[in-house]
Each structure stands twice: as structure tokens, then as C-alpha cells.
Amino acid sequence: MDQALAVAPPAAPPGTARILLAADGLNVSFPVGPGHRLVAVEDVSFTLGEGETLGIVGESGCGKSTVAKCLAGLLRPGSGTVSLQGVALPARRSHQQHRAVQLVFQGPYSSLNPRLSVRSVLRELLLFHGLARGDAVEGRCRELMALVGLPEGALDGYPSSFSGGQRQRIAIARALAVEPKVLVADEPISALDVSVQAAILDLFADLRDRLAIGTVLISHNLAAVRHVCDRAAVMYLGRIVEIGRKDEIFADPRHPYTRALLAAAPRLRPGPDRVRARLKGEPPSMTERPTGCPFHPRCPRAEAVCGAQLPELLPAPGGSSRLAACHFRDEKT
Ligand SMILES: Nc1ncnc2c1ncn2[C@@H]1O[C@H](COP(=O)(O)OP(=O)(O)O)[C@@H](O)[C@H]1O
Ligand code: SF4
Ligand SMILES: [Mg+2]
């Protein structure tokens with residue numbers, strides 16, 4: 001019996017699920033000219049429970065895709081580990097470990113080979129990984145189409161014959177073909193027409209409910225995360241500034257940056273310009289990070305301590321499971 005496609009019981013309530021994936025103290029920097037490094041990701045830690053969807057949000061350039069690549073094993077962090085079911089993944093992952101964490105990219109067109117039919121792509125994967133044989137291959141291909149909401153006839157199509165939304169479904173089917181434990185979806189709707197964005201988000205919610213997999217859904221769009229995630233992490237300049245259950249974060253944000261994002265994103269697809277309108281100035285350059293709290297040059301709440309002391313990611317008071325990196329995280333709005 002195919003484990004990944006077996007219909008699983010509904011996901012456990014957020015926070016109670018067993019830990020499937022964990023990022024622990026990830027740091028990534030890139031060399032940018034002699035003697036200079038750009039810190040893309042700094043001290044990023046989080047967990048993902050079984051059957052859980054974690055959203056990662058933040059403005060463009062804050063390090064989301066770099067985190068995604070570390071999770072999927074495409075980029076080795078300078079320090080820190082990614083663990084799957086309690087086992088730290090080595091720098092060189094085995095085939096099985098690669099299969100376990102699958103990345104779904106933003107632009108499904110560029111990641112699909114235009115010369116191969118959907119059936120050929122899926123068959124190749126299934127045979128290469130020894131996941132199906134003989135007649136079972138066709139059955140599995142059909143099963144995958146059903147899972148992503150496409151008709152069986154789509155198996156005969158080539159990438160150019162599909163719409164953007166359909167191509168994203170095919171990209172998801174391809175990721176699911178190798179029976180992953182975790183899907184990492186990096187901006188899965190941002191290249192799509194607004195009319196199909198919600199349907200693709202609903203597909204992720206459906207997969208979470210039907211399969212025993214966890215999902216990390218990365219988006220610059222807070223409304224997308226609100227639509228589908230159980231928990232959310234907010235990133236700013238390479239760091240997580242707030243993380244917790246979605247209802248806590250959206251109803252009672254404790255970090256001024258989260259508040260600004262929320263104020264700018266009342267519905268799907270607000271666009272980054274509206275975020276800027278609510279905040280002073282642009283995000284600082286990643287190569288010249290502010291001292292103290294990285295958000296202090298733009299923060300409406302900043303005080304002298306903020307420029308001097310980096311706030312740690314600590315529990316917000318009130319018994320919530322949420323963490324916030326702000327000296328004034330106990331203040332309610
Ligand atoms: N290979 C690279 N070399 C140099 N800088 C990079 C590289 N990849 C990403 N960066 C930089 O790291 C920062 C984070 O990038 P990224 O993770 O793509 O952010 P996001 O996905 O949130 O937009 C950005 O400043 C980006 O320019
Ligand atoms: S620590 Fe200070 S600058 Fe940073 S978010 Fe909190 S109030 Fe703003
Ligand atoms: Mg990105």
C-alpha cells in the first residue's frame with residue numbers, strides 16, 4: 001500500500017502533532033565582494049508537526065527562499081541543522097532523504113520539461129525511485145492527477161497546453177510522486193493569476209487533510225498564509241521575529257513588524273508597496289545590518305534600548321505558544 005497516498009486521519013490540532021521537521025539555528029551568508037558577506041539567514045529555528053502547515057512570511061529579500069533551500073537540502077547552511085523525525089540530515093542527503101523533503105517552486109513552467117508529457121515525467125520518477133512497476137505505474141499516475149484535482153486526460157498533455165494554475169498542480173503532483181513527508185512550497189501562488197490563487201491554496205489545505213505530510217508554505221503574502229496555515233513565522237532581515245499559532249498571530253500580533261504587515265494585507269495579494277506605505281523607509285541592506293533590533297530604523301515603537309540590544313525570540317506572556325523578538329512583546333495593541 002502506498003504510504004504517501006493512504007488517506008490519513010485529519011491532522012492533529014496545531015501544537016499537538018509530533019515533530020516532523022525541525023530547523024535548528026540555521027545561518028546562511030553569501031560572499032559579496034572582497035571581505036564582505038551578506039547575511040541572508042540568521043539563527044532561524046522552528047518545528048513543523050505531522051500534518052501541519054507552517055507559513056513563512058516576510059518582504060522580498062528577507063531570506064525565505066534561502067530557508068526553503070536549506071530545508072530541501074539544495075543549500076548547505078553555514079551552521080545549523082535540519083532534522084527529519086528527530087534525525088539530523090547530513091550535508092549529503094541519501095536518495096531517500098532527498099525524496100522526503102520536496103520543494104515546489106514559484107514558476108512551475110520553468111521547472112517542467114516542455115518536451116515531456118505529464119505521464120512521462122511521472123512515469124520516469126516512479127520507475128527511477130522504484131515506487132511503482134508495470135501496470136501499477138499508470139494507476140499511480142491517475143491517482144496523482146486525482147490528488148491534485150486534474151482529470152486523467154491531463155496525463156497526455158505537455159506543459160505548454162496547461163494554464164498557470166494547472167501547471168502548478170502538475171508541479172505538486174510531481175513532488176507528491178516521490179512520496180515526500182514534507183512539501184516546501186516557495187511562493188506557490190505569486191506567479192499565478194489572482195483568480196486561481198485561492199484554489200491552489202485550497203489544494204494545499206486538502207493535501208494536508210488527506211495525506212500524512214507537513215507543509216511549509218512560503219509567501220510574501222500574509223493573506224495566503226492566513227488562508228491555509230496552522231502556524232505562521234514572520235521573517236525580517238533573515239531572522240524570525242514572530243512565530244506561533246495563526247490565530248494568535250493574526251488576532252494579537254506582538255511584534256511591530258507583524259502589525260505593519262497585517263495592516264498592509266487585508267486581503268489576498270496586497271502587493272509589497274502597501275507594506276512600505278505603512279512603514280518608515282525601505283528594509284536596510286542585508287550587508288549593513290542595523291545594530292540592536294534589526295527593525296529599529298523603521299519601527300514606530302522603537303526606544304533607545306532597541307538600537308543597542310538585539311531582542312531574543314522569547315515567549316510572549318499570557319500562556320500562548322507564540323514567540324516574539326521584541327523588547328516590548330508583552331504589550332498588546
Ligand atoms: N546565491 C546568492 N548569492 C548572494 N546573495 C544571495 C544569494 N541568494 C540569495 N541572496 C541574498 O540573500 C537575501 C535573501 O534572499 P532570499 O532568500 O531569496 O529572500 P526571499 O526569498 O525572502 O525574497 C537577499 O538579500 C538575496 O539577495
Ligand atoms: S525591539 Fe524595539 S525596534 Fe525592535 S520591534 Fe520591538 S520596539 Fe521595535
Ligand atoms: Mg524568495
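Predicted model: local features only at pLDDT ≥ 70, side-chain atom pairs only at ≥ 80, totals over all residues.

Strand β3, residues 53-57, is joined to strand β9, residues 231-236, by four bridges, and the two strands run parallel. Within this pairing, Gly55 stands opposite Ala232 of β9. Both strands belong to an open sheet of eight strands, whose order is β6-β7-β8-β3-β9-β10-β12-β11 and whose pairing is mixed. The edges of this sheet are formed by β6 (101-104) and β11 (314-315), each of which pairs on one side only.

A further open sheet has four strands in the order β2-β1-β4-β5, and here the pairing is antiparallel. Its edge strands are β2 (37-49) and β5 (87-88), each with pairing on one side only. Strands of a sheet pair through backbone hydrogen bonds, in either a parallel or an antiparallel sense.

The pairing of β4 with β5 is antiparallel and spans two bridges. These strands form a hairpin with two residues between them, and Gln85 in the turn has a positive phi of about 45°.

| Helix pair | Angle between axes | Axis separation |
|---|---|---|
| α4 (residues 118-128) and α5 (residues 135-147) | about 120° | 10 Å |
| α4 and α6 (residues 164-177) | about 15° | 9 Å |

With an angle of about 120° between them, α4 is oblique to α5. The crossing of α4 and α5 is right-handed. On the α4 side the contact is made by Val118, Arg119, Leu122, Arg123, Leu126 and Leu127, and on the α5 side by Val137, Glu138, Arg140, Cys141, Leu144 and Met145. Sorted by class, the contact of α4 with α5 has eight nonpolar and four charged residues, with no polar ones.

The angle of about 15° between α4 and α6 means that these two helices are roughly parallel to each other. The crossing of α4 and α6 is right-handed. Val118, Val121, Leu122, Leu125 and Leu126 of α4 make this contact with Ile170, Ala173, Arg174 and Ala177 of α6. By class, the contact of α4 with α6 has eight nonpolar residues, one charged residue and no polar residue.

Charged side chains also pair with one another, and the structure holds 20 salt bridges. One of them links the side chains of Glu138 and Arg142, with a distance of 3.0 Å from N to O. Because Glu138 and Arg142 are four residues apart in helix α5, about one helical turn separates them. Glu138 is also among the α5 residues that make the contact with α4.

Conventions: Residues numbered from 1 in each chain as written. Chains lettered and ligands numbered in written order. Heavy atoms only, no water. Pairing = 2+ DSSP bridges. Axes fitted to C-alpha atoms, helices over the stretch in contact; angles between N-to-C directions. Parallel < 35°, antiparallel > 145°, perpendicular 65-115°, else oblique. Left-handed = near helix turned anticlockwise from the far one by under 90°. Contact = heavy atoms within 4.5 Å. Nonpolar A, V, L, I, M, F, W, Y, C, P; charged D, E, K, R; others polar. Salt bridge = Lys/Arg side-chain N within 4 Å of Asp/Glu carboxyl O.
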